[in-house]
Amino acid sequence: MSNYKLLTPGPLTTTNTVKQEMLKDRCTWDDDYKNVTQAIRKQLLDLAQVDESDYTAVLMQGSGSFVVESVLTTAVGEGDKVLILTNGAYGERIVEMAKVLRIAHVVYRVPYAEQPSSLEVQALLEKNASITHVAIVHCETTTGILNPIKEIGEVVYSFNKTFIVDAMSSFGGVPMDLSDLHIDFCISSANKCIQGVPGFGFVIAKTDELVKCKGQARSVALDLYSQWEVMKRDGKWRFTSPTHVVAAFAKALEELVEEGGVNARYQRYADNNQLLRSRLSALGFEAYISEELQSPIITTFLFPHKKFSFEHFYQEMKKAGFVIYPGKLTDVDTFRIGNIGDIYEEDMLALCEVIKNYMVVKNHEN
Ligand SMILES: *Cc1c(COP(=O)(O)O)cnc(C)c1O
C-alpha cells in the first residue's frame with residue numbers, strides 16, 4: 001500500500017513519528033498510561049486558552065459524532081430545549097440526533113453557502129423563551145464555510161443560554177479562546193487539526209455547566225458526566241480506552257507545540273488554503289464558498305465544466321499520490337480538497353501541478 005497524501009478533513013495525513021507511537025502496547029490501569037491521559041487533558045485546556053479553574057477536558061471513545069451525541073444527551077436535560085443552527089450536513093446531524101434522542105429543539109437553517117446571522121439568533125431567543133441551549137458547527141466541513149461563533153456566542157451569552165460548539169474540524173487549527181467565545185461545551189476529535197489518528201474525541205467544558213449534568217444522560221456509554229467523574233480522579237477511562245490512539249495523540253500534541261502552537265499551525269493551513277484556492281482558480285475551478293467566509297481547512301470546488309468526471313479525476317489524482325474528497329452537496333456538482341494534516345506548501349504545489357497537467361491533457365482529448 002502506498003503512502004498517499006490524504007487531502008481529506010480527517011482521518012488525515014499524520015507524521016511517521018505519530019504512527020510509530022502505536023507500535024507499543026500499553027496497559028489501561030497502569031500509572032504511566034493514566035498520566036498520559038491527564039497530561040492530554042491539561043494540554044487541551046492550554047490549546048483552548050482556558051484555565052483549570054473554569055474549564056475541564058473529557059476524552060470520549062468513538063468518532064467525532066459519538067462525542068457530539070454524548071454532549072447532547074448529557075447536557076440537554078428533560079425540560080430543556082436546544083436551538084440548532086445549521087448550514088451543512090454536520091448541523092443536520094445534530095438535528096437528527098436531537099430527534100432520535102427526543103430532545104425538544106428549534107432549527108434555524110440557512111443555505112449552505114451562507115452564515116447564520118447573530119441578529120436572527122437574537123430574534124429566535126427573544127421569541128422562544130423556553131430555549132435553554134444553542135448548538136452550532138464552527139467549520140462546516142460539508143462546504144468549508146467558517147461560522148461566526150464570536151458574534152453568535154455574544155448573543156447566546158447575553159441571553160444566559162448554554163453554548164455548544166462542534167469545533168471538530170477547526171479546534172487546534174484555528175485559534176480559539178473558549179472563555180472569550182462564551183463556549184460551554186466545545187467538541188473536537190483526535191484525527192482532525194491536532195493530527196492524531198481516529199478513535200476518540202474530546203470535550204472542553206465549562207466545569208460549572210458539566211457539574212449540572214449529573215444523571216441527565218439517556219445513555220450509559222455516552223454519559224459525559226460519568227466519564228468525567230471517573231477520568232478526573234486519576235486519568236482512568238471508564239471503559240476500554242483506545243490506548244494506541246491516545247499514545248499517538250500525545251505525540252501529536254507534542255508536535256503541535258514544536259510547530260509553534262495553534263497560531264503557527266493556523267498560518268500553515270491558511271497558506272496551504274490560499275495557495276490551493278488561487279492556483280485552482282487560475283485553472284478554471286470556482287470555489288463554492290466566497291473568500292471571506294472560507295475556512296483554512298477544506299475547500300469545495302464546482303466542477304469546471306459539464307463533461308468533468310470526478311471519478312476519472314479522482315483516480316488520476318490517486319495515481320499521483322493524492323487522495324481528494326467527493327462533494328457533499330445535492331444541488332450542484334462539487335468535490336472537496338482538504339489542506340490540513342501533515343501537509344505543506346510543497347505538497348500543495350505538487351498537487352496543483354498535477355491538476356494543471358490533468359486539465360491540459362483533458363482539454364486536448366476533448
Ligand atoms: C468530522 C466531523 C464530525 C465528526 O464526524 P465523524 O465521522 O463522526 O468523526 C462532526 N462535525 C464536523 C464539523 C466534522 O468535520
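## Basis of the description

Two strands are taken to pair if DSSP finds at least two bridges between them. Helices (H or I, at least four residues) and strands (E, at least two) are DSSP runs, numbered from the N terminus. The model is predicted, so that local features need pLDDT of at least 70 and side-chain atom pairs count only at pLDDT 80 or more, while totals for chains, interfaces and linings use all residues. Residues are numbered from 1 along each chain as its sequence is written, and side-chain values use heavy atoms, with hydrogens and water left out.

## The three-stranded sheet

An open sheet is formed by three strands in the order β11-β14-β13, with antiparallel pairing. Its edge strands, each pairing on one side only, are β11 (298-302) and β13 (325-326). Strand β14 (residues 334-338) runs antiparallel to β11 and is joined to it by five bridges; T300 stands opposite R336 in β14.

Helix α10 (residues 261-282) packs on this sheet and touches β11 and β14, contact meaning heavy atoms within 4.5 Å. The direction of α10 makes about 10° with that of β11; axes are lines fitted to C-alpha atoms, for helices over the stretch in contact, and angles run from 0 to 180 degrees between N-to-C directions.

## The seven-stranded sheet

Seven strands make up an open sheet of mixed pairing, ordered β2-β10-β9-β8-β5-β3-β4. Here β2 (55-61) and β4 (104-109) are the edge strands, each pairing on one side only. From one strand to the next, the twist averages 20°.

Six bridges pair strand β3 (residues 81-86) with β4 in the parallel sense, and L85 stands opposite Y108 in β4. Helix α3 (residues 64-75) packs on the sheet, where it touches β2, β5 (133-137), β8 (162-166), β9 (185-189) and β10 (200-206). The direction of α3 makes about 160° with that of β9.

## Packing of α2 and α9

Helix α2 (residues 31-47) and helix α9 (residues 243-259) have axes that come within 10 Å and cross at roughly 40°. That angle makes α2 oblique to α9, because angles under 35 degrees count as roughly parallel, over 145 as roughly antiparallel, 65 to 115 as roughly perpendicular and the rest as oblique.

Among the residues in this contact, Y33, V36 and I40 belong to α2, and F249, A250 and L253 to α9. By class, the contact has 10 nonpolar, three polar and no charged residues; Ala, Val, Leu, Ile, Met, Phe, Trp, Tyr, Cys and Pro count as nonpolar, Asp, Glu, Lys and Arg as charged, and the others, Gly among them, as polar.
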